[in-house]
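Biologist: I have the model open on my screen. Can you walk me through some local details?

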Amino acid sequence: MALRDFLKRTPLQNKEEERYILSIDGGGMRGIVPSVLLAKLSALLEEMGDNRPLYAHFDLIAGTSTGGLLALALSAPVERTNLIADTRYISYIYRQEEQTFLQRLRRQRGKESLSGTLPFGVDTNTLQTLYLKHGKQIFPKNQGRIFSQIFIDKYDCEPLERFLKQTFKDIPLSDAVVPTMVMCYEASTGRPFVMSSSDSHGF
């Protein structure tokens, strides 16, 4: 069935659409736990015959703190990063009749073609190595006394900033391959701060 015939039979304004959101919690070095779970989820989907990159299963990927780091790793255009791409399924083509976020995005941008090749995703089996290899540098514990840690940041930001620049280079968040949101906070005020791929803020 052609897409326009499908849309005529089921008007989008009268149909509830399911949304799939991946939300990844924070916790510094404990980010190794969701990194292992994400690799397992990807493997289970593959066993079921779905070879799409993991990001392609979600309409939004969100993360807090170290979960934000994982969200960025999943949604960044991996070929422009220093992350390892999963290039095993280079011929996966999404079909016209599938109602995926990529097709909705292309329609919103006025592009006529609704089929194409999905961009590569990160090799989810390598996410845990971010913590095993770089964890002590990214999340070094503050050397101050326990009492003083109540009033200052738990981690020094400079090693994390170096890691982010080395891994993601100068890729703007707006180039994410799937809508992405990272929750963090401003160290100077302690207030929550949202970074979203839908905003043109240049992050």
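Biologist: Is Lys169 buried or exposed, or something in between?

Modeller: Lys169 counts as partly exposed because its relative accessibility is 46%. Buried means under 20% relative accessible area, exposed over 50%, and partly exposed in between, with a 1.4 Å probe and protein chains only.

Biologist: Where is Lys169 found?

Modeller: Lys169 lies in the loop between H7 and strand S7 (180–185). Helices (H or I, at least four residues) and strands (E, at least two) are DSSP runs, numbered from the N terminus. Phi of Lys169 is near 55 degrees, a positive value in a residue other than glycine. Most residues other than glycine have a negative phi.

Biologist: Before we go on, what kind of model is this?

Modeller: This is a predicted model: local features need pLDDT of at least 70, side-chain atom pairs count only at pLDDT 80 or more, and totals for chains, interfaces and linings use all residues. Residues are numbered from 1 along each chain as its sequence is written, and side-chain values use heavy atoms, with hydrogens and water left out.

Biologist: What about Ser65, what is its phi?

Modeller: Ser65 has a phi near 55 degrees, a positive value in a residue other than glycine. Ser65 sits in the loop between strand S2 (60–64) and H3, and is partly exposed at 47% relative accessibility.

Biologist: And H3, how many of its residues are buried?

Modeller: Nine of the 10 residues of helix H3 (residues 66–75) are buried, so H3 is mostly covered. Among them are Leu69, Leu70 and Leu74. Over the chain of 203 residues, 34% count as buried.

Biologist: Changing topic: how do H2 and H5 pack?

Modeller: Helix H2 (residues 32–47) and helix H5 (residues 127–138) pack at an angle of about 150 degrees, and their axes are 7 Å apart. That makes H2 roughly antiparallel to H5. Axes are lines fitted to C-alpha atoms, for helices over the stretch in contact, and angles run from 0 to 180 degrees between N-to-C directions. Under 35 degrees counts as roughly parallel, over 145 as roughly antiparallel, 65 to 115 as roughly perpendicular and the rest as oblique.

Biologist: Which residues make the contact?

Modeller: On H2, Ile32, Ser35, Val36 and Leu38; on H5, Leu127, Gln128, Tyr131 and Leu132. Contact means heavy atoms within 4.5 Å. By class, the contact has six nonpolar, two polar and no charged residues. Ala, Val, Leu, Ile, Met, Phe, Trp, Tyr, Cys and Pro count as nonpolar, Asp, Glu, Lys and Arg as charged, and the others, Gly among them, as polar.

Biologist: At what angle do H5 and H7 cross?

Modeller: The axes of H5 and helix H7 (residues 157–168) cross at roughly 140 degrees and come within 9 Å. H5 and H7 are therefore oblique to each other. Leu130, His134, Gln137 and Ile138 in H5 meet Pro159, Leu160 and Phe163 in H7.

Biologist: How many aromatic pairs does the structure hold?

Modeller: One. Phe193 and Phe203 are edge-to-face, 5.8 Å centre to centre with 80 degrees between the planes. Rings of Phe, Tyr and Trp (its six-membered ring) pair if their centres lie within 6.5 Å; planes under 30 degrees apart count as stacked, over 60 as edge-to-face and the rest as tilted.

Biologist: How accessible is Phe203?

Modeller: Phe203 is partly exposed, with a relative accessible area of 43%. Phe193 is also partly exposed, at 29%.
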